[in-house]
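Visitor: I would like a close look at one part of this protein. Please pick a loop and take me through it slowly.

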Amino acid sequence: MFKQNAKTHYKMYKGGKFWLFSLTLIAGLTGAYTGTQNHVAAATNDTEPATGTTSQASPAAASQTLHVADDAAKPQGTADTAVTQQSATSNASTAQAAPANESAAQSQRTTVATGQPANTITQAPVVTQAAASETAPQVQTDASPKGQTTATERTPIQQQTNAIKATTQAESPAVVKAAKSVTPAAQAAVTAPTTTPQATESINDWMPNTKLQNLVLLMLQKQGKGKTWNSVNDITQADMQQLTAVDNYWDVSWNQNYDTFIDGKTSYSLEGLQYATNLKDLILRMNLNAPGYTYYGDITDLTPIQNLTNLEDVELSGNRISDISPLKNLKKVTYLNLQYNEISDWSPLNVSQYTGATTYPINTDPATSGQIDPTVTSNGTIRQLVVLPPVYLPAGTNTYTLDSPITLPDGTKGKLSTYTGGGEVVIIHNTATGAPGLVQLFYNGAPSSVQDGNGLTFTIATKQDWTLYQYQLHYNNIPVLQHDWPYYMIARYYASGQNVNPVATIMVPYVTGQQPTVTGSDVTIHVGDAMPDASQFNPKATDITGKEQPASDITVSMGNADNMTPGDYPIVISVPKTATHPSDYQTTVYLHVLPNQQTLTGSDYTMYVGDPTPTADNFQAKATDIDGKDESKDVTVDLTGADLSKPGDYPVILKTPDGQSKTVTLHVLENKQSISGSDYTMHVGDPTPTADNFQANATDKDGNKLDVNVDLSQADLKTPGDYPVTLTTSDGQKKTVILHVLPAETNPGNPGEPSDPGNPSEPSNPGNPSNPSNPGNPSEPSNPGNPSNPSNPGNPSEPSNPSNPSTPEQPGLPGTGGNHGQEPSQPTKPAQPAKPNQPTQPNLPGTGGNGGQQPVQPNVPKQPVHPGVTATPSATQQQTGLTSVVSRPVSAIHQAQSALPQTNEKQQSRLVVLGLIASVIGSLGLWVTFKKH
């Protein structure tokens, strides 16, 4: 047991020695390598500023920019992009802060929406590659494949699409939300809500009849699809196309609320039904099957349904329709019920079309109710109540012949039959108990009549009494629907062979006296004119006696006339009912509002001081009157505010005879025109003079130089004299100068021959000269004497011994002062003083040298320069030194550093060597020790 443990311990001991040896060797080598790398790093740092032209980023820029380093978080094919540090977070926080990112992203979108710059983020969102591509400038790098669109080239919609495509299931919810965030422009383009267009007009604008609105609402709720209609305000014109039937009788269980009666006078409008282009069945009829029975409703105008060509079943019985021409184009209609109306003209209809067949399944009336033929028994035409305008009988006349007002489908007249009753009581509708609730009364005032062809001749028995209605507001306690006349001539029309259920009952009121009149005149104005008053429409009226009604009894209703909008507006002139004016007579005239075509245009004009007074043409004035007629020639110019003699800008008013005015500007400029010249003198025969001879100069209004022309038409260059010469320019300037023409210069001719000077006289004999005097002997020169000896210059002084140079300072670290990180320069040795020159030997007088002067003293040698401490190199020297240092390779730097005692680098190198030696010796020692054991 013990031996086994000892053996185990020995193995462990040897294993430990091996690992201790290995660790020691590795530590030594690592220390040596680290020391070497320190040298290399120091050399590299010294050489960086000299490589290329690299610029250093500012600390602010460095703090604002970082790069997304997590390639795993980037979508494939996306280039690295820079993002602001403010919006960057770590990848770890990306996963942890995913729930919070939703509010952060919302904060970012809110900030952008309120007008802050798109790259301003008040709350740092979680950074993703997609978000980085939107908040930082996009840079195309080598990671972008050639030919692909880079991030900077994508449109906002492309950016959003690509960001969403790059999102995978592995991404956190925060990453997905950030990828869906886009720039404000893209967000607006992609996420703008799509709203359903709302009706621009209320239903009251296109369907003014509220009773019809409620009926249409009920029909849409029964037939419409794809929408819920809770009120009439939900109905649009487009909704009307869903209707195939509008029924106020069969489909509403005879509900009295949907009948067409209003008050017996106001029309039940069908306006709005024209939009129901798919309508097949139209039932707006009388209701005799429920309490409050309605006999007559108030439909009067069928124009809105005239283009509903899909109609097949039309029931309009029990209304006040008189004109059925809008039905003639409805060729698909086979069932037409028009009984109980006011129709007298059947010619617009083709009776063969109306067979009585119906496609409306809930119509239970017999086919005859839908047949239209007033010549035979036809329920579709019976009981028409035809009320004609009154006739006026001259005084003393009591008979009147009435021609038949009934026009049959073939265009012939229906034959009238006499009426012998006391009058007609026409029930409009009943009460809830079934009793009449409202009636019309037509008293027979001419009970005796005889046949006259298709017409009847009536004998008037009762004079018209307009006071009757003042007492008869009820008939047997039934309210009476009053109208203008109590008494009528009454006739009937029956279908062939019939004497019951007449097709029509005709009522003709009569009046003894003249027909009252109401007249007026149209008025024309232009847009912007004042609205005319009532008198301008010239309203006039007369009663049955022919007397003109006072103006106070005449009403002029302007209606919806608008003086600011072109158009023709109806103006109603009426006279209320009186004893002498038994009816509410009225007439319609028109207010014509024309466009106002008045115009006045003009432009500014520029002139110069001294120019003619400007006119309307100079200002390009154009004008039209209210009717568009040209009146440009009548435009006047008001220059009262302008001074044409002084440069400046002045307001000028253009005016027309009809009161238009326009202000333009007159620019008056300084006139720089000038022309100058001088008289000129010439001789007969000289060259023709030019502008230069006259010293002519000229400038235009703006001071630009002009050419000067010379007019010599009044000058005779061959005849001496003074002539006027005109200098002119292209802009009309002139100046007169004088040309002086002198006689031609005379020729002096050839000179005559010179006279003969004759022969000269003989010269006199000069005689012999006298002898010269003796000059004598010259005097002896003086002795100049010997020169003095020169003084001894003496021995030169010994130069002082230069002191040893001081030890240079230890160089500082780079960036800490000192020599700025450069190698110190060696001190300069002082130069040895030069030996003094030996004095030269003075020359003898007259032999050159110093010309007999005193000998020159020898030059004293200069003091040697004291070799002080090496001066701090200048900025230029520093730069030069730096350049020389950094241009060497690293190996050369090591060599240079080994010779620099002040850098202490030699000592570091020795320590490295010593460290290596110690490591080796220690390793050997350990190895020997291990071997012994």
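Guide: Start with the whole chain. Of its 933 residues, 33% are buried. Buried means under 20% relative accessible area, exposed means over 50%, and partly exposed lies in between, judged with a 1.4 Å probe and protein chains only. This is a predicted model, where local features need pLDDT of at least 70 and side-chain atom pairs count only at pLDDT 80 or more, while totals for chains, interfaces and linings use all residues. Residues are numbered from 1 along each chain as its sequence is written, and side-chain values use heavy atoms, with hydrogens and water left out.

The protein chain holds 14 helices and 36 strands. Both are DSSP runs numbered from the N terminus: helices are H or I with at least four residues, strands are E with at least two. The accessible surface is about 55900 Å², and carbon and sulfur atoms own 52% of that surface. Such areas come from the Shrake-Rupley method with a 1.4 Å probe; for residues, only the protein chains shown count as cover. Now take contacts, meaning heavy atoms within 4.5 Å. Among those between residues at least 6 apart in sequence, 59% join residues at least 24 apart.

Now the loop. Find β5 (313–315) and β6 (335–337); Asn319 sits in the loop between them. Asn319 counts as buried because its relative accessibility is 0%. A polar atom of the Asn319 side chain lies 3.3 Å from the backbone oxygen of Ser317. Leave out residues up to four places away in sequence, and Asn319 still touches Thr260, Leu284, Tyr296, Gly297, Asp298, Ile299, Tyr340 and Asn341.

Pro326 lies in the loop between β5 and β6 too. Its relative accessible area is 8%, so Pro326 is buried. Again leaving out residues up to four places away, Pro326 touches Leu302, Thr303 and Gln306. Ile305 is 21 residues from Pro326 along the chain, yet their C-alpha atoms are separated by 7.4 Å.

Tyr340 belongs to the loop between β6 and β7 (384–387). With a relative accessible area of 18%, Tyr340 is buried. Check its backbone: phi is positive, about 60°, although Tyr340 is not a glycine. Arg383 is found in the loop between β6 and β7 as well. Its phi is positive too, near 60°, and Arg383 is not a glycine. But Arg383 is partly exposed, because its relative accessibility is 31%.

The whole structure has two cavities of 30 Å³ or more. A cavity is a set of points on a 1 Å grid over the protein atoms alone where a 1.4 Å probe fits but cannot get out, and lining residues have an atom within 4 Å of a point. Leu327, Leu330, Val333, Leu336, Gln353 and Tyr354 line the second largest cavity. Its volume is about 30 Å³. The lining has five nonpolar residues, one polar and no charged.

Definitions and conventions: 1 Å grid on protein atoms, 1.4 Å probe; cavity = no way out; pocket = protein on both sides within 12 Å on 5 of 7 lines; lining within 4 Å. Points joined across faces, edges and corners; volume = space filled by probe spheres on them. Nonpolar A, V, L, I, M, F, W, Y, C, P; charged D, E, K, R; others polar. Polar contact = N/O pair within 3.5 Å; in protein donor to acceptor, adjacent residues only side chain to side chain.
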